[in-house]
Amino acid sequence: MAYTLGRVSTLAIVLIAVGAAGALLFIGGILGARRRDRRRAPNYAEHLHQADKALEQARAADRGWDRDVMERVVREALAREHPGVDFDRIELVLVDDRPGADEDRAHFEAVDGDRRVRVVMTRSGQGWASEHVT
């Protein structure tokens, strides 16, 4: 009987060791995947932001919105609200295209170094006008 008990004990030890090794590999894989996701998060967010911007620009172009006119109105609003500041770039970040032309809105972000200023535009029968600058 001692011989059988010895075999069961050896078998139990081997199974416990294999189970523990499997659990460690599983936990290590989860932790490695989480670390990889955190490392990739900034790039993923930037790619997502670029895709959103491209989509909004395409929608604006397809709807017949004149980007040059819109940017001129944005620059005029920025000159009124932030005189003397020369913004590096102006990005279209959101298009709110509602039925008809009178309730359309476009959100732009003007970038000056680390500062970002949002300009919300509205469209009416007279064309585009700035609603507010924040």
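Colleague: Leaving aside its neighbours within four places in sequence, which residues is His 107 in contact with?
Modeller: His 107 touches Glu 91, Leu 92, Val 93 and Leu 94, and also Arg 118, Val 119 and Val 120, where contact means heavy atoms within 4.5 Å. This is a predicted model, in which local features need pLDDT of at least 70 and side-chain atom pairs count only at pLDDT 80 or more, while totals for chains, interfaces and linings use all residues. Residues are numbered from 1 along each chain as its sequence is written, and side-chain values use heavy atoms, with hydrogens and water left out.

Colleague: Does His 107 count as buried or exposed?
Modeller: His 107 counts as buried because its relative accessibility is 15%; buried means under 20% relative accessible area, exposed over 50%, and partly exposed in between (1.4 Å probe, protein chains only).

Colleague: And where is His 107 found?
Modeller: His 107 lies in strand E2. Strands (E, at least two residues) and helices (H or I, at least four) are DSSP runs, numbered from the N terminus.

Colleague: What order do the strands of the open sheet have?
Modeller: The 4 strands are arranged E1-E2-E3-E4 with antiparallel pairing, a pair requiring at least two DSSP bridges. Strand E1 (89-96) and strand E4 (127-133) are at the edges with a single partner strand each, so one side of each has no neighbour in the sheet. From one strand to the next, the twist averages 30°.

Colleague: How many bridges join E1 to strand E2?
Modeller: There are 7 bridges between E1 and E2 (residues 105-112), and the two run antiparallel. Arg 89 is opposite Val 111 in E2.

Colleague: Which helix packs on the sheet?
Modeller: Helix H2 (residues 67-81) does, touching E1, E2, strand E3 (115-124) and E4. The direction of H2 makes about 35° with that of E4; axes are lines fitted to C-alpha atoms, for helices over the stretch in contact, and angles run from 0 to 180 degrees between N-to-C directions.

Colleague: Changing topic, in which helix is Ile 27?
Modeller: Ile 27 belongs to helix H1 (residues 2-62). Ile 27 counts as partly exposed because its relative accessibility is 47%.

Colleague: Finally, how does the chain run from the N terminus on, in terms of elements?
Modeller: The elements follow the order α-α-β-β-β-β, with 2 helices and 4 strands in the chain. Of its 134 residues, 22% count as buried. Among contacts between residues at least 6 apart in sequence, 42% join residues at least 24 apart.
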